[in-house]
Amino acid sequence: MKPASHKGLTAFHAGQAAEHCVARHYERRGYIAEARRWRSQAGEVDLIARDGTQTVFIEVKKARDHAAAAARIAPVQARRIMAAALDYLDATGRGADSEMRFDVALVDGTGRVEVVENAFMT
């Protein structure tokens with residue numbers, strides 16, 4: 001195996017720090033954290049939280065500013081996240097007819113969090 005590069009490790013830790021900031025952001029608003037970096041064969045969801053009966057699937061994007069972070073979401077990635085979310089609901093016994101929402105949490109270089117609720121709605 002190749003050793004991890006310094007740049008790769010820095011990006012990994014920056015991503016973890018951004019996810020931690022976002023998790024705290026949701027928890028301060030009364031959401032209950034259910035999972036971090038949940039994986040299925042369909043893909044990965046960065047954070048999963050509950051708001052009452054609603055399951056919230058959260059994609060975290062970090063960049064120097066919120067606009068640059070938002071630009072990092074591709075339609076194919078959104079489809080993978082939605083497919084993974086359905087796998088999660090099946091795995092927890094809730095099913096696809098559960099109340100759910102897809103948010104994108106944008107984190108800038110200073111750690112400020114901006115949440116775009118229902119980000120994958122068309």
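1. Glutamate 59 counts as buried because its relative accessibility is 5%, where buried means under 20% relative accessible area, exposed means over 50% and partly exposed lies in between (1.4 Å probe, protein chains only). Its salt-bridge partner is lysine 61, and the closest N and O atoms of the two are 3.4 Å apart; a salt bridge here is a side-chain nitrogen of Lys or Arg within 4 Å of a carboxyl oxygen of Asp or Glu. Lysine 61 is itself counted as buried, because its relative accessibility is 14%.

2. A word on the basis of these values: this is a predicted model, in which local features need pLDDT of at least 70 and side-chain atom pairs count only at pLDDT 80 or more, while totals for chains, interfaces and linings use all residues. Residues are numbered from 1 along each chain as its sequence is written, and side-chain values use heavy atoms, with hydrogens and water left out.

3. As for the overall build, the protein has three helices and five strands, and along the sequence they follow the pattern α-β-β-β-α-α-β-β. Helices (H or I, at least four residues) and strands (E, at least two) are DSSP runs, numbered from the N terminus. Of the 122 residues, 37% count as buried. Among contacts between residues at least 6 apart in sequence, 53% join residues at least 24 apart, a contact being heavy atoms within 4.5 Å.

4. The structure holds nine salt bridges, and the pairs among them can be set out by the exposure of their partners. Arginine 64 and aspartate 65 meet through their side chains at 3.8 Å, N to O; arginine 64 counts as exposed because its relative accessibility is 68%, whereas aspartate 65, with a relative accessible area of 31%, is partly exposed. In the salt bridge between arginine 112 and aspartate 108, the closest N and O atoms are 3.0 Å apart. Here arginine 112 is exposed, with a relative accessible area of 52%, while aspartate 108 is buried, with a relative accessible area of 5%.

5. Glutamine 54 belongs to strand E3, which covers residues 54-62, and it counts as buried because its relative accessibility is 13%. Its side chain is joined to that of arginine 101 by a polar contact of 3.1 Å; such a contact is a pair of N or O atoms within 3.5 Å, where within protein one must be able to donate a hydrogen and the other to accept it, and residues adjacent in sequence count only if both atoms are side-chain atoms. Leaving aside residues up to four places away in sequence, glutamine 54 touches Ala49, Glu99, Met100 and Arg101.

6. On a 1 Å grid over the protein atoms alone, a cavity is a set of points where a 1.4 Å probe fits but cannot get out, and lining residues have an atom within 4 Å of a point; grid points are joined across faces, edges and corners, and the volume is the space filled by probe spheres set on the points. Helix H1 (6-28), strand E1 (32-39) and strand E2 (44-51) each supply at least two residues of this lining, which includes Ala23, Tyr26, Glu27, Leu47 and Ile58. By class, the lining has nine nonpolar, no polar and one charged residues, with Ala, Val, Leu, Ile, Met, Phe, Trp, Tyr, Cys and Pro taken as nonpolar, Asp, Glu, Lys and Arg as charged, and the others, Gly among them, as polar.

Key
1 Å grid on protein atoms, 1.4 Å probe; cavity = no way out; pocket = protein on both sides within 12 Å on 5 of 7 lines; lining within 4 Å.
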